[in-house]
Amino acid sequence: MNLLVRGRRPARRGEAHGGLAARLREPTQVVFLALLGLVAVGWALVALDGDQFLTMESVVGIQQRSAALGIVAIGQTLAILAGSLDLSVAYLISLASLVAAEIMAGQDGNVVPAVAAVLAISALVGLVNGLVITGLQVHAFIATLGVSLIIKGIVDHLYDGPAGKVPESFQLLGYSRIGPIPVSAMLWAGVAVVAWFLLSRTRLGYRIYAVGGDEEVARLSGIRTGRVIVIVHVLCSVCAGIAGLLLAGRLGAGAPTVGTDGGYDLESIAAVVLGGTALAGGKGGVAGTVGGVLLLAVLDTIFNQLEINSFGKDVVRGVVIVIAVAVYARRGTRRPA
Amino acid sequence: MRRALPILAVLMVLLAAIAVVNPFFLEPAGFLAFLKRAAPLVILAAGQYFVIVSGEFDLSVGSLVTAEVVIAARLIDGDESATAPVLALLIVVGLLVGLVNGVVTTKLRVPSFIVTLGMLLVLSGAVFLWTGGAPRGALSQGFRMFGRGGLGLLPWSVLILLAVGAVAIWLMRADFGKTLIATGDNVRAAALSGVRVDRAKIFAFMFSGLAAAVAAILLGGFAGVSAQAGQGLEFSAITAVVLGGVVLGGGRGSVLAAMAGAFTLEALFTLLNLYGISGALEFTVQGVIIIAAVAAGAIRLPRKFTPRRGDAHAAS
């Protein structure tokens, strides 16, 4: 409730920021502590196995593995914070990678139009998602599931396999790095900072929290809730488009299955929730999501280094996600409402 | 029954359209073949209905179906005498998965979307960890009979479907159904009026698990063993339920309408095939129709509050 009042009076920024930070601190701290703990456990396990854990190679691997999921998850964070969710990101990523690679066609000169086209198409998909949810009053789950089926049909109809070609210069986005930090991770960090700024320093950010907290109250307080929901869906889809560009750069071509193979739809939602953002909306933030994505990536790395069957990884992942959310739910009860 | 009327009307139109293109559909054999193909999804939709009307989601049914089929193939391994105990085991596994989903959702207060998403990962990981990455073994003839065989002209799957449908409708008319709908409509009000809401939700999840086990038995017999046996079924089942006019978030809709929604979805697939819409574009048409159908439902009932949240826990 306090949050809402602040949302309407952005003049008192300092206080608002302190309040918000206090609100977000809890689950974010938990997820980063868990991350530290996991790194320590991983270190011990890998050392017992007679290997070294945090080598240059594995650190770079963790960052590269998490960059695409990280970017999608940040978009998903915005949608979930506003009380919505987006199941269409996986197919949109495939579509974006294909559009990018087809327009680039191996020519350096086509990079700019290709990137522009991908961003435009993603924004359009987000706009459709948002308008179906707000204008046609369709539950976000069904609306984005329907849109994902539409994209799946188009992509599968036009392509059976990898298509297009990404020029060398653009492939650098996927692979090159400056020191120990890959360019893809910097892109992820850039998106995260923009989203953090949006959420904690702008009116739109406050409105997103307000709409996610209680849509009816937000509407009665004069927020155009429909507009906020459309905007978060556009932003979420644009993030998926950026992830598609990144994956096209990494593969050197567009692929119709790159989004679904990565399971980016449910996985991004899992990462957001692992980061302490409430699935019902209104609580959480970008920092937690970054922690959640890193946690999943470190888990992957430990399993790879110990050469454990990848199916075991899914089991552990499922258990970790449920336990994490159970812990957040428990903490929630202790706090006076 | 009144609630099921719109979707039944749509279903009739679709069935008539199929019959126009394919007159064989009007003969008993043709229609029974359609019912047989639709049976697993209709049963899953009935199970999913219980969960959705109580205000929750079950995303784990698809991987539960896959897991059940793979477990059956590995344990039976062509041995006829193992059929009966394995069938019993599959039912128990289905109930157990539902129990875990329900208990974690209600007692640990984790949103069911996340619980069942975790269960999806655990089930698909665990079953292939056990079989080493690919399904192994084979189903026995006795097991496959349920999915493909029949009693004279009537396929077993249609009889099972009728039984499941009858039980589901009876349950929703009994006290249990009323408490379940009250729980989905307003958890707090239901709890204050003496409904044991946790128990109602746990039962709902157990019915969904049971439905997945039955669907897996039928699908395993009908389509055989594969690692993709249940792929995407969770979304199909939820779509079917919503097509039937059941509101995500709980408290509204009838189980008959949910099952009619599953028939409608299956009739839609059949019709698209008949009109020769190529395999992939079928999804596009499906997506448009789902959105349009749900939007039409929302517009027809403008006064009804449609929660737009990811999960019913928003209410608490």
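Two residues are in contact here if their C-beta atoms, placed from the backbone, lie within 7 Å. This is a predicted model, in which local features need a pLDDT of at least 70 and side-chain atom pairs count only at pLDDT 80 or more, while totals for chains, interfaces and linings use all residues. Residues are numbered from 1 along each chain as its sequence is written, and chains are lettered from A and ligands numbered from 1 in the order in which they are written.

I start with the interface. On chain A, 45 residues are in contact with 44 residues of chain B. The elements of chain A that give two or more residues to this side are α5 (111-135), α6 (140-158), α13 and α15 (310-334); helices are DSSP runs of H or I, at least four residues long, numbered from the N terminus. The largest share, 14 residues, comes from α6(A). By class, the chain A side has 28 nonpolar, 11 polar and six charged residues. Ala, Val, Leu, Ile, Met, Phe, Trp, Tyr, Cys and Pro count as nonpolar, Asp, Glu, Lys and Arg as charged, and the others, Gly among them, as polar.

Next, α13(A), residues 264-274. Of its 11 residues, 10 are buried, so the helix is largely enclosed by the rest of the structure. Buried means 20 or more other C-beta atoms within 10 Å of the residue's own; 12 or fewer is exposed, and in between is partly exposed. Among the buried ones are Y264(A), D265(A) and E267(A). After the helix comes G276(A), with a positive phi near 95 degrees.

Now to chain B. Y49(B) sits in helix α2, residues 28-53. It is buried, with 32 other C-beta atoms within 10 Å. Leaving out residues up to four places away in sequence, Y49(B) touches V241(B), V246(B), V255(B) and A258(B). Y49(B) and A257(B) are 208 residues apart in sequence, yet 9.5 Å apart in space, C-alpha to C-alpha.

Last, confidence. pLDDT is the predictor's confidence in each residue, from 0 to 100. Chain A averages 85, and 90% of the residues score at least 70. Over residues 1-18 of chain A the pLDDT is below 50, and this stretch has 21 contacts in the model beyond near neighbours in sequence. Residues 20-24 of chain A also stay under 50, with three contacts beyond four places in sequence. Where pLDDT is low, the predicted coordinates should not be read in detail.
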